[in-house]
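Reader: I am new to this one, and I would like to go through it slowly with you. Could you show it to me before we start?

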Amino acid sequence: AEELIFGPAHVTSGASSDFEQATQIARNMVERWGMSDKVGFVSYKARGGSGDRGGGGGVSEETRGAIDAEVKRLTDRAYANAKKLLVREEARLHALTKELLDKETLTGDEVRQILGLPTSPSSRPSPYAAPGGGSGGAAGAKAPAAVAPGAKAPAS
């Protein structure tokens, strides 16, 4: 997103953290969870796989190379998919960026509103409320009130 908004020369260190996380997820998919038809549906971590990149344990150089190639393929595909989505939704991306630059933080509902998405269920009227705002539900029972931590619940 930073690359599309600010250009490739202005990508922050936050993006490198995202790349590290994506790489770790892809590596776990291949080495731990056997989620690769190219490398095989086996767990290489259990065999002392490349894991921390500090040695191969019981995994051959050829297998380590195949694991690395599969991790790169997965991360490249994820990057391409994310960029395609961001380009397709670029108007929404710019609207969200503008609000974030103005306010610095946004609630989930504010983000949904900017993106034109439905608000969270907690901010919508309850489907169990009776018409006209009266109590609804089974035998006219009221739903419990939401109370902030440390606050006293209202008397019933």
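Reader: Thanks. What pattern does the protein chain follow, read along the sequence?

Author: Read in that direction, the protein chain goes α-α-α-α-α, with five helices and zero strands; helices (H or I, at least four residues) and strands (E, at least two) are DSSP runs, numbered from the N terminus. Please keep in mind that this is a predicted model, in which local features need pLDDT of at least 70 and side-chain atom pairs count only at pLDDT 80 or more, while totals for chains, interfaces and linings use all residues. Residues are numbered from 1 along each chain as its sequence is written, and side-chain values use heavy atoms, with hydrogens and water left out.

Reader: OK, and how much of the protein chain counts as buried?

Author: Of its 156 residues, 19% count as buried, where buried means under 20% relative accessible area, exposed means over 50%, and partly exposed lies in between (1.4 Å probe, protein chains only).

Reader: Which residues make up the largest nonpolar core?

Author: That core has eight residues, namely Ala26, Val30, Val39, Tyr44, Val59, Ile67, Val71 and Leu74; a nonpolar core is a set of buried Ala, Val, Leu, Ile, Met, Phe, Trp, Tyr and Cys residues joined through side-chain atoms within 4.5 Å. H2 and H3 each supply at least two residues of this core, and the largest share, three residues, comes from H3. In soluble globular proteins, nonpolar side chains tend to be buried together.

Reader: What about Glu70, is that residue buried or exposed?

Author: Glu70, which lies in helix H3 (residues 61-88), counts as buried because its relative accessibility is 2%.

Reader: And which residues is Glu70 in contact with?

Author: Leaving aside neighbours within four places in sequence, Glu70 is in contact (heavy atoms within 4.5 Å) with Val30, Ser36, Lys38 and Val39. Val30 and Val39 are also among the residues of the largest nonpolar core.

Reader: Switching topic, how many aromatic pairs are there?

Author: The count comes to one aromatic pair, by a rule in which rings of Phe, Tyr and Trp (its six-membered ring) pair if their centres lie within 6.5 Å, with planes under 30 degrees apart counted as stacked, over 60 as edge-to-face and the rest as tilted. Phe19 and Tyr79 form this tilted pair, at 6.2 Å centre to centre and with 50° between the planes. The pair links distant parts of the chain, since Phe19 is in helix H2 (residues 13-31) and Tyr79 is in helix H3, 60 residues apart.

Reader: Why does Tyr79 count as partly exposed?

Author: Tyr79 counts as partly exposed because its relative accessibility is 37%, and Phe19 is partly exposed too, with a relative accessible area of 47%.
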